[in-house]
Amino acid sequence: MSRALLTHNLTKRFGATLAVDHVDLEVHEGDLFGFLGPNGSGKTTTLRMILGLVYPTGGSIEVLGKPVPRKVRDVLPRIGTLVEGPGFYPHLSARSNLALFDAAGPGGAKRTRRARIEDALERVGLGSVGRKPFNAFSTGMQQRLGLARTLLRPHELLILDEPTNGLDPQGMRDIRALLEELVAQGTTIVLSSHLLGEVESICTRAAIINRGRLLAQDEIARLLAPTGRVRIVTDDPGEAERVLGASNGFHSVTRDAAGVALELGGASPEELNRRLVTNGVDVRELILERPTLEDVFLQLTNERGARVPG
Ligand SMILES: Nc1ncnc2c1ncn2[C@@H]1O[C@H](COP(=O)(O)OP(=O)(O)O)[C@@H](O)[C@H]1O
Ligand SMILES: [Mg+2]
């Protein structure tokens with residue numbers, strides 16, 4: 001499988017601040033890749049280095065097979081970008097801003113410009129924005145226009161820094177649907193976010209960064225692998241607890257009004273279910289517990305946090 005983006009030992013120091021600390025990112029072609037971390041963790045700095053906007057202190061970057069910053073001019077036309085401070089002309093409308101941007105970049109035919117602009121505005125929900133100048137836009141509208149700019153022509157890779165910042169819940173849903181559509185059409189997307197739920201709901205793979213350090217990087221399904229704990233919902237939790245007690249080889253059994261929870265240990269869910277049913281306990285639901293991305297994040301930051309002072 002080809003790699004759309006690779007970084008190796010990528011590091012950025014601002015004076016005494018180690019903003020990015022030996023980060024190895026690996027984005028596969030076709031990924032909707034979440035770059036997740038709290039505010040100040042180094043996401044924007046990393047993305048800016050990948051786009052050749054900030055010079056790394058150390059390490060290497062390869063984007064679409066080319067070394068960056070050395071070959072950044074070759075790869076930039078193949079990448080759509082949305083990074084902090086979208087850089088639009090404040091007194092011009094959405095359409096005028098997009099027309100200027102399109103005229104300045106390579107490969108945007110003038111003949112198709114108007115149609116491409118209308119299509120891009122439509123896709124981000126700004127079709128009826130009219131002639132309102134950019135400086136009268138809400139944060140959400142600015143963000144939508146920044147995304148529209150990446151849609152003026154097809155790109156192999158989109159690098160989006162917190163693309164849903166400033167959007168209301170409906171706006172976030174719209175943008176997520178748009179990103180999923182783009183990935184289905186073959187675009188690779190890297191998006192940064194401080195919102196766990198957002199990454200959990202749409203991304204296929206994710207990297208988790210905290211204080212400049214990469215804590216984990218994997219497929220979402222693997223990051224959220226079952227914990228080994230199960231919950232059983234039943235009308236008779238007391239009997240379920242007795243059947244699954246320590247004397248029968250199960251551990252950490254806890255009971256509440258709705259049922260019991262326990263560690264599977266070596267047993268399979270099927271075995272557990274059979275044991276209950278053959279002992280006269282009706283099972284309404286048997287649920288394999290999965291951590292949320294938030295659980296994973298907190299666990300990783302606590303583990304590493306203990307070993308990294310300050
Ligand atoms: N130009 C800069 N000069 C000095 N420090 C910076 C600069 N840009 C970012 N930083 C610092 O680097 C760290 C990471 O910031 P940033 O990459 O913006 O994080 P994030 O995007 O995850 O919120 C922060 O401590 C921030 O204050
Ligand atoms: Mg940022």
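Strand β13 (residues 251–256) is joined to β14 by 4 bridges, and the two run antiparallel. Strands here are DSSP runs of E with at least two residues, helices are runs of H or I with at least four residues, and both are numbered from the N terminus. Two strands pair if DSSP finds at least two bridges between them. This is a predicted model: local features need pLDDT of at least 70, side-chain atom pairs count only at pLDDT 80 or more, and totals for chains, interfaces and linings use all residues. Residues are numbered from 1 along each chain as its sequence is written, and side-chain values use heavy atoms, with hydrogens and water left out.

**Around β14**

- A hairpin through 2 residues joins β13 to β14.
- Asp256 has Gly259 of β14 as its bridge partner.
- Strand β12 (residues 229–233) is also antiparallel to β14, and 5 bridges join them.
- Arg229 stands opposite Glu263 in β14.
- Strand β14 (residues 259–263) is largely enclosed by the rest of the structure, because 4 of its 5 residues are buried.
- Buried means under 20% relative accessible area, exposed over 50%, and partly exposed in between, with a 1.4 Å probe and protein chains only.

**The open sheet**

- An open sheet is formed by 6 strands, in the order β7-β8-β9-β4-β10-β11, with mixed pairing.
- Its edge strands, β7 (79–82) and β11 (213–219), each pair on one side only.
- Neighbouring strands of this sheet are turned by 10° against each other on average, direction ignored.
- Axes are lines fitted to C-alpha atoms, for helices over the stretch in contact; angles run from 0 to 180 degrees between N-to-C directions.
- Strands β7 and β8 (residues 157–161) run parallel and are joined by 4 bridges.
- Thr81 stands opposite Ile159 in β8.

**Helices on the sheet**

- Helix α5 (residues 139–150) packs on the sheet and touches β7 and β8; its direction makes about 170° with that of β7.
- Helix α6 (residues 169–184) also packs on the sheet, touching β4 (32–36), β8 and β9 (188–193). The direction of α6 makes about 150° with that of β9.
- Contact means heavy atoms within 4.5 Å.

**Helix α3 against α5**

- Helix α3 (residues 94–104) packs with α5 at an angle of about 35°, and their axes are 10 Å apart.
- Ala94, Leu98 and Phe101 of α3 make the contact with Leu145, Ala148 and Arg149 of α5.
- These residues divide into 5 nonpolar, no polar and 1 charged.
- Ala, Val, Leu, Ile, Met, Phe, Trp, Tyr, Cys and Pro count as nonpolar, Asp, Glu, Lys and Arg as charged, and the others, Gly among them, as polar.

Key. Chains are lettered from A and ligands numbered from 1 in the order in which they are written.
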